[in-house]
Amino acid sequence: MFAAQYGKNDREALVKRAIDNDVKWMRYILNTNQMHTYLTLLNATMKNRGLTE
């Protein structure tokens, strides 16, 4: 899928769904300390890319 094909609301929903799925899968694999680090990096990346406020 290409994000450019969708409207702004659709893109936001697709990004949210992808992030939710990714976090769910990583929570299964990582231990508590690793998950904390992963979420910190994910939040920083999303902020730097303008996906969050």
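These questions and answers walk through a predicted model of one protein chain.

Local features here need pLDDT of at least 70 and side-chain atom pairs count only at pLDDT 80 or more, while totals for chains, interfaces and linings use all residues. Residues are numbered from 1 along each chain as its sequence is written, and side-chain values use heavy atoms, with hydrogens and water left out.

Reader: How many helices and strands does the protein chain have?
Author: Helices (H or I, at least four residues) and strands (E, at least two) are taken as DSSP runs, numbered from the N terminus. On that basis the protein chain comes to two helices and zero strands.

Reader: Is the chain spread out or compact by the globule rule?
Author: The rule is 2.2 Å times the number of residues to the power 0.38, and the radius of gyration is taken over C-alpha atoms. For 53 residues the rule gives 10 Å, and the chain's radius of gyration is 13 Å, well over that, so the chain is more spread out than a compact globule. Along its principal axes, the C-alpha trace spans about 35 × 20 × 15 Å.

Reader: What share of the residues is buried?
Author: Buried means under 20% relative accessible area, exposed over 50%, and partly exposed in between (1.4 Å probe, protein chains only). Among the 53 residues of the protein chain, the buried share is 11%.

Reader: Which residues make up the largest nonpolar core?
Author: A nonpolar core is a set of buried Ala, Val, Leu, Ile, Met, Phe, Trp, Tyr and Cys residues joined through side-chain atoms within 4.5 Å. Here the largest such core has six residues: Ile19, Val23, Met35, Tyr38, Leu42 and Met46.

Reader: Which helix supplies the largest share of this core?
Author: Both α1 (8-29) and α2 (32-48) supply at least two residues of this core. The largest share, four residues, comes from α2.

Reader: Which residues is Ile19 in contact with, leaving aside its neighbours within four places in sequence?
Author: Contact means heavy atoms within 4.5 Å. With those sequence neighbours set aside, the partners of Ile19 are Leu42 and Met46.

Reader: Is Thr32 buried or exposed?
Author: Thr32 lies in helix α2. Its relative accessible area is 67%, so Thr32 is exposed.

Reader: How does Tyr6 count by relative accessibility?
Author: Tyr6 sits in the segment before α1. Its relative accessibility is 28%, so Tyr6 counts as partly exposed.

Reader: What distance separates the C-alpha atoms of Thr32 and Gln5?
Author: Along the chain, Thr32 and Gln5 are 27 residues apart.
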